[in-house]
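These are my notes from going through one model.

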Amino acid sequence: MTQAQSPIRVALLGAGTVGAAVARQLYARGPLLASRVGAPLELSGIAVRDLSRPRDLPGVPEALLTDRPEDLIDGADVVVELMGGIEPAHGLLTRALEGGAQVVTANKQLIAQRGAELEALAAERRVGLDYEAAVAAAVPVVRVVRESLAGDDITWIAGILNGSTNFILDMVARQGMSFEDAKDRAGELGFLEADPTEDLEGIDAAAKIVILARAAWGVPVRMEDVQREGISQLTDHHFDTARGTGQVIKLVATAWRSGTPESPKVEVAVRPVSLAGDDPLALTREGGNTIVIETASAGALRFAGAGAGGEPTASAVLGDVVAAARRVVAGRS
Ligand SMILES: NC(=O)C1=CN([C@@H]2O[C@H](COP(=O)(O)OP(=O)(O)OC[C@H]3O[C@@H](n4cnc5c(N)ncnc54)[C@H](O)[C@@H]3O)[C@@H](O)[C@H]2O)C=CC1
Ligand SMILES: N[C@@H](CC=O)C(=O)O
């Protein structure tokens, strides 16, 4: 084995819905991922809050679990943060970047609120900060906006960016389920945030549209800039009225640019909207997400798929881990 092929040490912070799925997939696809990276990925540790809690991590040695996340960071090549919340995630990732580790996170609140600062630190330290899973989970859209469309002029983005509220609205509208039952089911499926208010009040979708708007237009966009309304105030009357007119209520996030491409002014909003039944966003089922991006040259592009849940989100996280690990291998030669 050459130096370039020696194992890439991956530290996992958090083993909840997404973290556990990432650990399972890392183990299940070890040889495949190694062949894609050019070196094996070695899980160097998993930070958890409660060491005594039973976990569904077949094949993962218990000795890898620790309740001291900071101990995992020093010496890791890639740090994967899946704890959620602002602190201690922000402090831990700052430490990881300062130490020269590649960082991957699915934490949309952290990236929306502190992403500019973390990206500046990553650039200064010449390491990567990847967060594809933070927006629309499994649906590739962050890299599309940041890289694939970097040569075009994005004028408008509209999307269903929250899987749990889409699941709730879909179950109420199509299955006649009660709002509360649909919310409980969304929790069982691993769609809801640790604080479900973030989903129900549009705070989660707001963070995602902030991230996309910043990536699309390169200007500062803050959570406070989002005109935001959630779905918790919707009543049977709203659903009956929509149903009676062939419409469907969806929680839609939008970002649009006025001004010029060189001097953009950006507006962002999240609110429930009644859509015609055949609108692409209206057709989004269960925990799905759909994003439509309007550009000057490519026209309207549509992306859709699983917007929440452990296994689909882990797919996007692992895509970022492979990209990060390839950078580590490239840096060794
Ligand atoms: N569940 C989903 O569908 C998706 C979640 N995300 C994001 O991924 C992140 C993780 O989400 P989930 O796995 O759903 O949350 P979760 O609540 O199931 O898991 C988080 C885990 O981190 C642990 N944790 C929290 N603070 C810790 C600390 N200081 N030290 C050690 N462990 C700590 C918790 O005990 C918990 O087990 C969040 O930022 C979330 O917004 C992103 C896309 C989809
Ligand atoms: N709670 C989020 C999880 C994925 O980001 C959602 O419901 O979309």
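**Conventions.** I call a residue buried under 20% relative accessible area, exposed over 50% and partly exposed in between, with a 1.4 Å probe and protein chains only. The model is predicted, so I noted that local features need pLDDT of at least 70, that side-chain atom pairs count only at pLDDT 80 or more, and that totals for chains, interfaces and linings use all residues. Residues are numbered from 1 along each chain as its sequence is written, chains are lettered from A and ligands numbered from 1 in the order in which they are written, and side-chain values use heavy atoms, with hydrogens and water left out.

**Entry 1, Leu212.** I started with Leu212, which counts as buried because its relative accessibility is 0%. I found Leu212 in helix α10; helices are DSSP runs of H or I with at least four residues, strands are runs of E with at least two, and both are numbered from the N terminus. Not counting residues up to four places away in sequence, Leu212 touches Val135, Val141, Val142, Val145, Ile157 and Leu161, where contact means heavy atoms within 4.5 Å. I also looked up the pair Leu212 and Thr254: they are 42 residues apart along the chain, and their C-alpha atoms are separated by 9.8 Å.

UniProt, in an unreviewed entry, places the feature "active site" at Lys208. I note that UniProt positions are given in the numbering used here, that feature names are shortened, and that annotations may be inferred rather than shown by experiment. Is Lys208 buried or exposed? Lys208 is buried, because its relative accessibility is 3%. Residues up to four places away in sequence aside, I list Lys108, Ala134, Val135, Ala136, Leu161 and Asn162 as touching Lys208.

The unreviewed UniProt entry lists Lys108 under "binding site". I located Lys108 in helix α5, residues 108–125. Lys108 counts as buried because its relative accessible area is 10%. Beyond its neighbours within four places in sequence, Lys108 is in contact with Ala134, Glu193, Asp204, Ala207, Lys208 and Ile211. The side chains of Lys108 and Glu193 are joined by a polar contact of 3.0 Å. For that term I use a pair of N or O atoms within 3.5 Å; within protein, one must be able to donate a hydrogen and the other to accept it, and residues adjacent in sequence count only if both atoms are side-chain atoms.

I took a residue as near a ligand if one of its heavy atoms lies within 4 Å of it. Among the residues around ligand 2 are Lys108, Phe191, Glu193, Asp204 and Lys208. An oxygen atom of ligand 2 is 2.7 Å from a polar side-chain atom of Lys108. For Lys208, I read 2.8 Å between a polar side-chain atom and an oxygen atom of ligand 2. Phe191 places a backbone N or O atom 2.6 Å from a nitrogen atom of ligand 2. Ligand 2 taken alone exposes 250 Å², of which the protein buries 94%; such areas come from the Shrake-Rupley method with a 1.4 Å probe, and for residues only the protein chains shown count as cover.

How many residues surround ligand 1? I have 20 residues, the closest being Thr17, Val18, Lys108, Glu193 and Gly309. A polar backbone atom of Thr17 is 3.0 Å from an oxygen atom of ligand 1, and a polar backbone atom of Val18 is 2.8 Å from an oxygen atom of ligand 1. In the side chain of Glu193, an N or O atom is 2.7 Å from an oxygen atom of ligand 1. Ligand 1 has 830 Å² of accessible area on its own, and the protein covers 86% of it.

The assignment gives domain 1 as 8–137 + 312–332 and domain 2 as 142–307, with bounds from an automatic or database domain assignment. Taken over C-alpha atoms, the centres of domain 1 and domain 2 are 26 Å apart. I noted 20 residues from domain 1 and 20 residues from domain 2 in the contact.
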